Amino acid sequence: MIFRTLQSSVITTFGRAALESAATPKFRRLQSAMQEATRFQREWLMHRVAQCRDTRFGRDHGFSEIRSIAEFRKRVPVSGYDYFAPYIDAVAGGDPSALIPAHEKLLRFTITTGSSGVPKLNPVTTTWLKEYKEVWDIWGLKLFLDHPTHLGRKLLQMAGTWDMGTTPGGYKISMVSALLARYTSPFIRPFYAVPSDLNDIKDPVARYYTALRLCILDDVGWIILMNPGTMIRLAQIGDEHSDELIRDIHDGTLTTKLDIPSEIRERLCSRLARKNRRGSAWLEAIRNRTGHLYPRDYWRQPVVGGWIGGTAGFQVRYVRDYFGDVPLRDMGLVSSEGRHTIPLEDGRPEGVPALGAGAYEFVPVDEIDQPHPTALDGHELIEGRDYYLVMSTSAGYYRFHIGDVVRCNGFIGEAPLLEFVQKGTRVGDLEGEKVTEHQVLEGAHRAAKTLGIPLGLFTAIPRRLEREHPRYDFLVEITDLPEEAQARRFLEELDRELAALNFLWRARRKEGTLAPPHLVRLPEGTWARYVREETDRRGTGDYQYKHPGLVQDSTWGDQFAAVDVVRT
């Protein structure tokens, strides 16, 4: 114990010095860029336009003639993925020059998680990867420097699939989280709590169980998982399978009850073979004392990095129930197309734009469908207002509208502090109520808090009905609200919360043009099966899965067999 304490002190002292040495020039560049964000962004963009003038996209849009931002905006429209698809398909087919300048190399492709339904390819170039890593380095260095006493402790990070197939032109395809893990600094890799082999275990329960089997007795000081739902599920699986975990640790085994590929079992054999009766006894004592086996009792308040804002981060409010009073750092707005914001403080969902990894414009939400919407620079945003994010990056996107709504929460210099709010297409509008996915989830979790209950995954469906006023169906697993009287109270409270959050909802409900909502209770395990089937269908992993809080398709709920329907 004395040696371990001394070792930790040495690592903390020298580790912090090394981190400060590496971080200082990066932070100085970022601070300088934030003070003059408009100039910095425009210089980046004009340099990129000049570099790409001979690509097919550059020739088609007259890049060689562009001399100003106004001219760039005139020649290149704000567009979605379909606009770039012919160029990306050409690159994937073996013609990089459609988007990528000759001096850069195409390395591979990432693939989206398909939140819009169909996975899409995104080119990874040498320049894009360098900029992407630089942004992650800044986020990570700031996180480590803010928590120096955790240096030297294990880091639990799990990623998506590395090998997702090959394009027609022979380029490999990966999940962006796997790309991040593969290119992690070699100085950090020895501190990883679990090997990358675990990402090849398809069954999430088996994967999370194996991760805990490997590191539950380690001194885990950092947890980097994008989705807070994944963190919670990890903790729940450890508790649900505590008998097997304690037995495996006691016997030096890995349970055969779960679907773990034999080749992975073989690779992990040497690491798991040692019997640890003392460790198993310690875990059993925790369970006997607390009634559960949760990370809050076997790990020492690790720093948790993941989504804490927007619709993806609503479940973060339950993370501390399982992990204790842990520091929470938002991971920022991350997509398969890039790393777009850098949060700089614990407990804050907003971050500054990734100024060195692209150029960002912002379109007011009510103008996005106009032929020529207003495009604003970051310093022109109004605090408290929502905007669509439009980006240009070194992957070959120019004025790309990815459908993400962000909110301006203030400024550092000229750089806006941006919080991801939701996907812009997720808005219910049966009778002009225009209720957003964010409002639905905020209302649901407020209602759950009022009743003193945790709430798992939750989805709203706008329903148009013949000879009846339209209504919303809210889908929830029955284990969250097992008692009918409690479920009815939750439904009534949710209706009140939505009226408080959205005056149009309040008006339409008062008028009676919007009928009272229904609560559809689903069997236990419904959401887990749906997530598994959906990620299998898309061919993507579950780490970045974003459960829809609101869907437009009124028949979406028909795929589930309801236990019952609760009405007010």
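**Cavities, pocket and packing**

Guide: Nine nonpolar, three polar and four charged residues make up the lining of the largest cavity. Ala, Val, Leu, Ile, Met, Phe, Trp, Tyr, Cys and Pro count as nonpolar, Asp, Glu, Lys and Arg as charged, and the others, Gly among them, as polar. This is a predicted model: local features need pLDDT of at least 70 and side-chain atom pairs pLDDT 80 or more, while totals for chains, interfaces and linings use all residues. Residues are numbered from 1 along each chain as its sequence is written, and side-chain values use heavy atoms, without hydrogens or water.

Visitor: How many cavities of 30 Å³ or more does a search of the whole structure find?

Guide: On a 1 Å grid over the protein atoms alone, a cavity is a set of points where a 1.4 Å probe fits but cannot get out, a pocket is an open set with protein on both sides within 12 Å along at least five of seven lines, and lining residues have an atom within 4 Å of a point. Points are joined across faces, edges and corners, and the volume is the space filled by probe spheres set on them. Here the search of the whole structure gives three cavities of 30 Å³ or more. The largest cavity holds about 170 Å³.

Visitor: Which elements and residues line the largest cavity?

Guide: Helices (H or I, at least four residues) and strands (E, at least two) are DSSP runs, numbered from the N terminus. The lining of the largest cavity takes at least two residues each from helix 2 (37-51), helix 4 (69-75) and strand 12 (359-364). Helix 2 gives the most, five residues. There are 16 lining residues, and Q41, A359, Y360, D377 and G378 lie nearest the centre of this cavity.

Visitor: What is the volume of the second largest cavity, and which residues are closest to its centre?

Guide: The second largest cavity has about 80 Å³ of space. Its lining has 10 residues, with Q157, M158, S177, I224 and M226 closest to the centre. By class, eight residues of this lining are nonpolar, two are polar and none is charged.

Visitor: Where does the largest share of the lining of the largest pocket come from?

Guide: Helix 9 supplies the largest share of that lining, eight residues. Helix 8, helix 9, strand 15 (415-423), helix 15 (437-451) and helix 18 (526-538) each give at least two residues. The largest pocket contains about 1300 Å³ of space. Its lining numbers 48 residues, and those nearest the centre are G229, R233, Q236, Q315 and L457. The classes are 21 nonpolar, 13 polar and 14 charged.

Visitor: At what angle do the axes of helix 8 and helix 9 cross?

Guide: Axes are lines fitted to C-alpha atoms, for helices over the stretch in contact, and angles run from 0 to 180 degrees between N-to-C directions. The axes of helix 8 (residues 204-215) and helix 9 (residues 228-240) cross at roughly 75 degrees and come within 9 Å. Helix 8 is therefore roughly perpendicular to helix 9; the ranges are under 35 degrees for roughly parallel, over 145 for roughly antiparallel, 65 to 115 for roughly perpendicular, and oblique for the rest. In contact (heavy atoms within 4.5 Å), P204, V205, Y208, Y209 and L212 of helix 8 meet T230, R233, L234, I237 and G238 of helix 9. Seven of these residues are nonpolar, two polar and one charged.

Visitor: How many aromatic pairs does the structure have?

Guide: Rings of Phe, Tyr and Trp (its six-membered ring) pair if their centres lie within 6.5 Å; planes under 30 degrees apart count as stacked, over 60 as edge-to-face and the rest as tilted. The whole structure has 27 such pairs. In the pair W136 and W139, the ring centres are 5.5 Å apart and the planes at 85 degrees, so this pair is edge-to-face. Both W136 and W139 belong to helix 6 (residues 126-146), where they sit three residues apart, about one turn of the helix.
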